[in-house]
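Here is a short briefing on one protein model.

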Amino acid sequence: MAEVKLRALVLREVDFGDWDRYLTVLAEDGRRVEILCKNARRGKKTNPAARQLCFSEFILTERGEKYALREADLVHSFFVLAEDIERYALACYLCELTSALSDPGLESPALCRLLLTALLALERKKRDPALVKAAFELRVMAESGYAPDLTSCGVCGEVIENPPVCFSVRAGTAADAKCAKRVGGYTQLVDSTLRAMLHVLTAEPNKVYAFALSGPAREQFCGMAEEYVKYHLGREFESLRFYRSLQMPMK
């Protein structure tokens, strides 16, 4: 029985049996790891470092590529997000999306950095949550092999040198106005939307969320990012539905 040490963020927890719990964590190297916590719900056995939205140092025992928790020491918790139901729901969605894009056998350190930085932005309340969400969606898709191409026209292949620039969520490509009009399916981007997309796709992970948008550009950027995830992954997310339900006006 081998001992494994890793630092990871808890994405999800699921109770199992009478006393046990399974954790889905995202390791610093971007791998998704499943951990069995024996007797996690039995009295004094409860460990606050082994809960959802905790970034902790884990010591695990490994047997046949299965992991069981031995120890967990808290590095940082995002429990404060639970004080704001919308921010908490958004954090759960970001975790669910990351879990869907991560893989037990594939290292992608940028995933962990992007998610931790997004959660910190939500915790500190210095960034627009809607923009944090959209920026995370676009960049995490790019890091996972779904990067859109904004530099050349997806129709004629030429470099787009002059505005306006159009974009197709389905094709994942940009197009110049002439080609976009000819083939259809493209939406003209507001100039600041394009700048925001380019920033998000090229910035260092800790600077991805360092921008601001308002008005039509904000609405377009946020709408396109969410639609991009839904279309290219071909699925819905329960946590996103819940987050959206919190934003519906009271009747």
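Pro164 sits in the loop between β6 (149-153) and β7 (165-168); helices (H or I, at least four residues) and strands (E, at least two) are DSSP runs, numbered from the N terminus. A cis peptide bond joins Pro163 and Pro164, with omega about 0°. This is a predicted model, in which local features need pLDDT of at least 70, side-chain atom pairs count only at pLDDT 80 or more, and totals for chains, interfaces and linings use all residues. Residues are numbered from 1 along each chain as its sequence is written, and side-chain values use heavy atoms, with hydrogens and water left out.

**Backbone**

- Leu53 has a positive phi of about 70°, although it is not a glycine. Leu53 belongs to the loop between β3 and β4.
- Leu53 counts as buried, at 2% relative accessibility (buried means under 20% relative accessible area, exposed over 50%, partly exposed in between; 1.4 Å probe, protein chains only).
- Lys125 is not a glycine either, and its phi is positive at about 60°. Lys125 lies in the loop between α2 (109-124) and α3 (129-146).
- Lys125 counts as exposed, at 53% relative accessibility.

**Salt bridges**

- Side chains of opposite charge can pair when their charged atoms come close.
- The whole structure contains 18 salt bridges (a side-chain nitrogen of Lys or Arg within 4 Å of a carboxyl oxygen of Asp or Glu).
- Glu13 pairs with Arg51 in a salt bridge, the closest N and O atoms being 2.8 Å apart. The pair links distant parts of the chain: Glu13 is in strand β1 (residues 2-16) and Arg51 in the loop between β3 (32-37) and β4 (54-63), 38 residues apart.
- Glu13 is partly exposed at 23% relative accessible area. Arg51 is partly exposed at 27%.
- Glu96 and Arg235 form a salt bridge at 3.4 Å, N to O. This pair also links distant parts of the chain, with Glu96 in helix α1 (residues 85-101) and Arg235 in the loop between α6 (215-233) and α7 (238-246), 139 residues apart.
- Glu96 is partly exposed at 24% relative accessibility. Arg235 is partly exposed at 34%.
- Glu226 and Lys230 form a salt bridge at 3.1 Å, N to O. They are 4 residues apart in helix α6, so about one helical turn separates them.
- Glu226 is buried at 9% relative accessible area, whereas Lys230 is partly exposed at 24%.
- A network of salt bridges links Lys133, Glu137, Glu226, Lys230 and Arg244.

**Nonpolar cores**

- The largest nonpolar core has 65 residues (a set of buried Ala, Val, Leu, Ile, Met, Phe, Trp, Tyr and Cys residues joined through side-chain atoms within 4.5 Å). Leu115, Phe136 and Phe221 have the most contacts inside it.
- Another core lies apart from it, with 17 residues, among them Leu6, Val10, Leu23 and Val33.
- Leu115 touches several residues, including Leu9, Leu26, Leu94 and Phe136 (contact means heavy atoms within 4.5 Å).

**Helix packing**

- The axes of α5 (residues 191-202) and α6 come within 8 Å and cross at roughly 45° (axes are lines fitted to C-alpha atoms, for helices over the stretch in contact, and angles run from 0 to 180 degrees between N-to-C directions).
- The contact is made by Ser192, Thr193, Ala196, Met197 and Val200 of α5 and by Ala217, Gln220 and Phe221 of α6.

Definitions and conventions: Lists of a residue's contacts leave out its neighbours within four places in sequence.
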